[in-house]
Amino acid sequence: MTAYAVGHLRPARPHEEVFAYMERIQDTLDPFGGRFAVHGATVEVVEGQWPGTVVLIEFPDIDRARAWYRSDAYQEILPLRTRHLDGEVVLVGGVGPGYDVGRTAVRLREEAVRTGALPA
């Protein structure tokens, strides 16, 4: 099932190390089937606040996303970004084909009632 690396990065002054990171990251993604789905796009905030930008990298599955992040190749270039850009990065698994949020709501409601978190 598809998985994603999601980065929420804050604006910063341009720095040569960040450009070097950008030039080298794709080589770290290729062995794990990673590809940029969103990068450098303008963020349209429709709820709350979102200072900065979003980066979305797609992987074939969560195991490959984890392996990429932990890889020696990525860990070697990671400080080039983290020394200059503040933000958060998370890895998250996607949903499969045919996912139905309504069925998920039914299951979660039943569980909440069963555990007493929601009155019957």
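Buried residues, meaning those under 20% relative accessible area with a 1.4 Å probe and protein chains only (exposed is over 50%, partly exposed in between), make up 22% of the 120 residues in the protein. This is a predicted model, in which local features need pLDDT of at least 70 and side-chain atom pairs count only at pLDDT 80 or more, while totals for chains, interfaces and linings use all residues. Residues are numbered from 1 along each chain as its sequence is written, and side-chain values use heavy atoms, with hydrogens and water left out.

**Fold and overall dimensions**

- The protein has four helices and four strands, where helices (H or I, at least four residues) and strands (E, at least two) are DSSP runs numbered from the N terminus.
- Along the sequence these elements follow the pattern β-α-β-β-α-α-β-α.
- The radius of gyration of the protein, at 18 Å, is well over the 14 Å that the globule rule gives for 120 residues, so the protein is more spread out than a compact globule; the radius is taken over C-alpha atoms, and the rule is 2.2 Å times the number of residues to the power 0.38.
- The C-alpha trace spans about 60 × 35 × 25 Å along its principal axes.

**Contacts and surface**

- Among contacts (heavy atoms within 4.5 Å) with a separation of 6 or more, 75% are between residues 24 or more positions apart.
- The protein exposes about 8,300 Å², of which carbon and sulfur atoms supply 54%; accessible areas come from the Shrake-Rupley method with a 1.4 Å probe, and for residues only the protein chains shown count as cover.

- Apart from neighbours within four places in sequence, Trp68 is in contact with Ala5, Ile25, Thr28, Leu29, Phe32, Ile57, Phe59 and Tyr74.

- Leu9, in strand S1, counts as buried at 11% relative accessibility, and its contacts beyond four places in sequence include Pro51, Val55, Arg81 and Leu85.
- Leu9 and Val89 are 80 residues apart in sequence, yet 8.3 Å apart in space, C-alpha to C-alpha.
- Arg13, in the loop between S1 and H1, is exposed with a relative accessible area of 74%.
- Between Arg13 and Leu85, 72 residues apart in sequence, the C-alpha to C-alpha distance is 8.7 Å.
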